[in-house]
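Try each task before reading its solution.

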Amino acid sequence: MESEKITEIVHTYGNLLYRVCVVMLRNAQDAEDAVQEVFCRYLEKHKTFSSPEHEKAWLLTVANHICKDMLRFRSRHPQIDIDDMDIGYLPAESSAVIQELMQLPVAIRAVIYLHYIEGYKIREISKILKVSEQAVKKRLQRGREQLRIRLEDQAMS
Amino acid sequence: MRKEDLINAVSSIVMEDEAQANMIEALKNQDTKRHGGMKAAGVILALIAAAGVSVPAYALVTSRLQERMENMTPETITSLEQQVQNADVDSDSFNRPYSATEQQRMEQLYTEYLEGYFPQNDLLLADSEEKASEYVQSGLLCFLPSTSTFYLPLYRELTDEEILELLDFMKKRDYALLAGEVMAREEEQRNLIQENVKSGGITEEEAIEIAQSRLQELGLNVTGFEMNHYYDDGKDMGVRYGGAAYYNVNWSNIFSHTYYYFWINAEDGTILDEHIGGNEDNIVITEQEAIEIATKRAAELGLQLDGFEMNHGFEDGTGRRDIYGGIPRYGVNWANFVSHTYYYFMVNAQDGSILDESYEGHRKYPEEKIRQNVENGGISAEEAKEITRARLEEQGIDTTGVGCDIWFTDNHSADFDGKSYYKITWIHDENRKFYGFYVDGRDGTILEGYGN
């Protein structure tokens with residue numbers, strides 16, 4: 001793949017993938033490793049995408065798989081206490097919010113992130129995470145209850 | 001929390017510029033020495049992923065495979081390392097894609113390879129493009145290190161031996177690239193284990209036996225699983241189990257995403273903890289909610305529950321021959337022992353849907369699955385029943401007036417190679433015996449018998 005293309009793809013999707021991996025893994029170092037693995041698979045697959053949205057959804061799906069598998073093997077490494085979580089520098093006003101988010105179970109964190117941060121609909125999240133739409137709705141409901149998110153629009157389309 | 005707070009907070013998480021720049025550089029150079037050596041481990045996984053199988057970033061190694069890797073000579077390891085370093089290209093290439101059949105066989109053979117089914121020979125290496133062409137023209141499989149290209153036979157499919165040679169070569173190359181790091185870790189582990197045994201603790205082999213016994217107690221089949229194990233002296237930060245040293249012995253199936261972990265006290269061999277399953281992070285329904293869902297459904301069906309005793313429980317779906325295909329669920333049932341009336345509901349723990357319900361002779365799950373099976377060309381329940389009746393009569397067992405329970409599952413577990421099957425149980429009230437059969441849902445072959 002051309003060198004410029006690699007730079008372009010990392011600049012376009014690097015932070016997006018990094019954020020979702022941090023949210024799932026709660027660790028900056030692991031998130032960097034996961035992001036690099038996503039891009040390695042991207043380069044190896046030489047996949048053709050029908051649109052930028054298709055490309056983004058594919059990358060998020062791969063990131064989800066990699067993070068879930070890394071979490072499986074987390075037992076090889078010390079458990080990360082929520083207070084010792086290291087996700088790099090954060091502005092003070094963001095820390096408390098992130099702390100609350102990170103206390104959710106990983107399956108719920110992923111759905112909350114994709115819906116509220118990336119703006120994906122239920123059906124789209126269902127395809128990315130490879131779970132049923134009903135499961136996505138339940139996790140969103142759980143996440144909202146636990147974060148006590150006040151929404152301007154409660155529609156779940 | 002306001003939605004805007006959440007969005008703003010998460011948006012403030014960004015990768016440092018230096019980390020991003022390093023990542024770009026590594027991707028361009030296909031740097032093999034990334035953090036934790038994941039890239040090297042990813043090479044064989046890319047091969048499998050190219051076959052359409054989703055695999056994790058960390059591939060574990062069974063004891064037999066581990067032994068095979070550890071028995072590589074230093075010269076072989078050096079040679080493999082140099083091949084990768086000296087290649088003119090960033091990644092492997094192939095002279096043709098795999099066929100669909102080859103991909104399927106590769107997935108199956110990878111499982112067997114992990115269990116110790118190794119190739120007879122090593123992959124043939126070519127020393128020039130001309131030589132590689134000559135081999136291909138002769139119908140041989142070979143690899144050209146200088147261009148990192150695999151030359152597959154053009155006019156026929158790969159044999160099993162050739163697929164195994166490919167898998168073996170990839171695994172050895174991955175291992176060689178990690179060898180320095182792995183060997184240092186192995187030596188550290190050996191020293192720690194030696195100290196543990198000297199002070200009266202158990203050996204690694206004893207820990208593995210303890211874990212294997214536990215697997216048997218739980219009725220878990222690990223065919224096709226990768227086994228790995230390591231020792232922890234309990235002194236690390238974030239210590240678990242009160243600082244006790246332990247062995248971790250684990251089995252994983254990368255295709256079904258099923259994992260069994262055991263943590264064993266290195267001093268006395270007691271099991272400190274175990275993790276069985278692969279579904280926990282998908283469970284969102286509580287047991288109380290499941291009871292409410294089942295109660296509501298019973299009301300919709302007009303079932304009268306006065307005088308009934310209610311029970312409930314959770315099943316994680318990881319048991320052997322799980323009849324619901326591994327889905328974690330809550331069972332909620334009502335029983336009236338006076339009228340011998342029983343109702344049960346299975347609530348899917350992942351999404352709260354009714355997975356199965358049984359009342360007044362109706363059983364949702366098997367009826368739906370049987371209907372689909374017949375529509376897809378499989379045998380009916382009645383046909384399966386008659387097959388087993390004939391088997392019993394061959395054995396001189398009279399089935400006249402004997403009750404028969406029929407269950408069907410389309411089965412997504414490893415048992416019976418994933419075939420759908422009927423579970424047919426003849427219950428002989430008079431002699432208090434039962435005779436059970438698993439019958440292939442597709443062609444009626446009796447897969448296994450059980451019971452008296």
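**Exercise 1.** Which side chain meets that of Glu118(A) in a salt bridge?

Solution. The model used here is predicted.
Step 1. Find the partner: the side chain of Glu118(A) meets that of Lys56(A), with N to O at 3.1 Å.
Step 2. Check the distance against the cut-off: a salt bridge needs the nitrogen within 4 Å of the carboxyl oxygen.
Step 3. Glu118(A) is in the loop between helix 5 (106–117) and helix 6 (122–129) of chain A, and Lys56(A) is in helix 3 of chain A, so the pair ties together parts that are 62 residues apart in sequence.
Step 4. Compare each residue with the cut-off for burial, which is under 20% relative accessible area. Glu118(A) has 18% and counts as buried, whereas Lys56(A) has 21% and is partly exposed.

**Exercise 2.** Find the nearest side chain of opposite charge to Arg19(A), and state how far away it is.

Solution. 
Step 1. Locate the residue: Arg19(A) belongs to helix 1 (residues 3–25) of chain A.
Step 2. Look for the opposite charge. The nearest such side chain is that of Glu118(A), 4.5 Å away.
Step 3. Apply the cut-off of 4 Å for a salt bridge. Arg19(A) is buried but has no salt bridge.
Step 4. Look for other partners. The side chain of Arg19(A) reaches the backbone oxygen of Ile13(B) at 3.5 Å.
Step 5. List the contacts beyond four places in sequence: Arg19(A) is in contact with Tyr113(A), Val10(B), Ser11(B), Ile13(B) and Val14(B).

**Exercise 3.** Which residues touch the most other members of the largest nonpolar core?

Solution. 
Step 1. Name them. The core has 66 residues, and those touching the most other members are Leu17(A), Cys21(A), Phe39(A), Ile112(A) and Leu6(B).
Step 2. Ask which element gives the largest share: helix 1 of chain A supplies 13 residues.
Step 3. Take one member as an example. Leaving aside neighbours within four places in sequence, Phe39(A) is in contact with Ile9(A), Val10(A), Tyr13(A), Gly14(A), Leu17(A), Met23(B) and Leu27(B).
Step 4. Note that another core, of 26 residues, lies apart from this one; among its members are Tyr113(B), Phe150(B), Ile163(B) and Leu166(B).

**Exercise 4.** Is Glu357(B) buried or exposed? Describe its surroundings.

Solution. 
Step 1. Read the accessibility: Glu357(B) has a relative accessible area of 3% and is buried.
Step 2. Find a polar partner. The side chains of Glu357(B) and Arg297(B) are joined by a polar contact of 2.8 Å.
Step 3. Complete the surroundings. Beyond four places in sequence, the residues that Glu357(B) touches include Leu301(B), Tyr344(B), Phe345(B) and His362(B).

**Exercise 5.** Compare two salt bridges of chain B by where their partners lie.

Solution. 
Step 1. Take the pair of Asp160(B) and Arg105(B), whose closest N and O atoms are 3.1 Å apart. This pair links distant parts of the chain, with Asp160(B) in helix 8 (residues 160–198) and Arg105(B) in helix 6 (residues 100–114), 55 residues apart.
Step 2. Take the pair of Glu375(B) and Arg371(B), with closest N and O atoms 3.5 Å apart. Both residues lie in helix 11 (residues 364–375) of chain B, four residues apart, about one turn of the helix.
Step 3. Over all chains the structure holds 16 salt bridges. Arg68(B), Asp122(B), Asp168(B) and Lys172(B) are linked in a network of them.

How values were computed: Residues are numbered from 1 along each chain as its sequence is written. Chains are lettered from A and ligands numbered from 1 in the order in which they are written. This is a predicted model: local features need pLDDT of at least 70, side-chain atom pairs count only at pLDDT 80 or more; totals for chains, interfaces and linings use all residues. Side-chain values use heavy atoms; hydrogens and water are left out. Helices (H or I, at least four residues) and strands (E, at least two) are DSSP runs, numbered from the N terminus. Buried means under 20% relative accessible area, exposed over 50%, partly exposed in between (1.4 Å probe, protein chains only). Lys and Arg count as positive and Asp and Glu as negative; His and the chain ends are not counted. A polar contact is a pair of N or O atoms within 3.5 Å; within protein, one must be able to donate a hydrogen and the other to accept it, and residues adjacent in sequence count only if both atoms are side-chain atoms. Contact means heavy atoms within 4.5 Å. A nonpolar core is a set of buried Ala, Val, Leu, Ile, Met, Phe, Trp, Tyr and Cys residues joined through side-chain atoms within 4.5 Å.
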